[in-house]
Amino acid sequence: MKEGIQSVLYSKEQLAQKVRQLGQEISRDYAGKNPLLVSVLKGSVVFMSDLMRAIDIPCQIDFMMVSSYGSGVKTSGVVKIMKDLDTPLEGRDLIIVEDILDSGKTLHYLKGMLTERRPKSVRIATLLDKPDRREAPVSADYCGFVVPDQFIVGYGLDYAEKYRNLPYIGVLKPDIYTK
């Protein structure tokens, strides 16, 4: 698996430090509240797991599974809800937790849909932001790293369901996904 990695962008240690920092920011901003963290599966599960442990105030979690990529490397633009939330959102402070903000199409759709459920607030926390690829008007309230327009994997991010379990974030060799 490591032979498919061109270079390491962020080490395990860099990721841990950034997640701790984001957890401290969220804890400060939501002091006295009980935010609901919503993980967008599958990619954000590793980030969400570490982030919720870095938050030192009460919080709850829930999960959604959406798809706009299928098995391709570019979004189709059509968002399909595969698993919806179990928690009612009305009056809640909601933080959508995503692994990467890329085109923004999925998060733009998701934020709009969840806002219709009348939460008190909706914010976005993303580990990675790839602004060069943005096609929809959405931005993150909490962001770990701004990344270049390269195909990156690891720490939950995948290519064809592989590489998610790497403890770091790396750039995938182009010959892997251009075959």
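The count of disulfides in this chain comes to 0, where a disulfide is a pair of cysteine sulfur atoms within 2.5 Å. The model is a predicted one, in which local features need pLDDT of at least 70 and side-chain atom pairs count only at pLDDT 80 or more, while totals for chains, interfaces and linings use all residues. Residues are numbered from 1 along each chain as its sequence is written, and side-chain values use heavy atoms, with hydrogens and water left out.

**Cysteines**

- The sulfur of Cys59 has its closest cysteine sulfur in Cys143, and because 20 Å lies between them, they are too far apart for a bond.
- Cys59 is partly exposed, with a relative accessible area of 24%, and Cys143 is also partly exposed, at 27%; the term covers values between buried (under 20% relative accessible area) and exposed (over 50%), found with a 1.4 Å probe and protein chains only.

**The chain as a whole**

- The chain holds 4 helices and 9 strands, which are DSSP runs numbered from the N terminus, with helices being H or I of at least four residues and strands being E of at least two.
- Read from the N terminus on, the elements follow the order β-α-β-α-β-β-β-α-β-β-β-β-α.
- The radius of gyration of the chain is 16 Å, which agrees with the value near 16 Å that a compact globule of 179 residues would have; this radius is taken over C-alpha atoms, and the globule rule is 2.2 Å times the number of residues to the power 0.38.
- Along the principal axes, the C-alpha atoms fill a box of roughly 50 × 35 × 25 Å.
- Of the 179 residues in the chain, 45% are buried.
- Among contacts (heavy atoms within 4.5 Å) between residues at least 6 apart in sequence, 67% join residues at least 24 apart.

- Strand β5 (residues 93–101) is largely enclosed by the rest of the structure, because 9 of its 9 residues are buried.
- Strands of a sheet pair through backbone hydrogen bonds, either parallel or antiparallel.
- Strand β2 (residues 36–41) runs parallel to β5 and is joined to it by 4 bridges, and two strands count as paired if DSSP finds at least two bridges between them.
- Strand β6 (residues 121–129) also runs parallel to β5, with 8 bridges joining the two.

**The open sheet**

- An open sheet of 3 strands has the order β1-β9-β8 with antiparallel pairing, and its edge strands, β1 (5–10) and β8 (152–153), each pair on one side only.
- Strand β8 is joined by 2 bridges to β9 (residues 169–172), where Gly170 stands opposite Val153.

**Backbone details in the loops**

- The peptide bond from Leu41 to Lys42 is cis, with omega near 0°, and Lys42 has its place in the loop between β2 and α2 (45–54).
- Ala160 lies in the loop between β8 and β9 and has a positive phi, near 50°, although it is a residue other than glycine.
- Glu161 is in the loop between β8 and β9, and its phi is near 70°, again a positive value in a residue other than glycine.
- Both are partly exposed, Ala160 with a relative accessible area of 42% and Glu161 at 46%.
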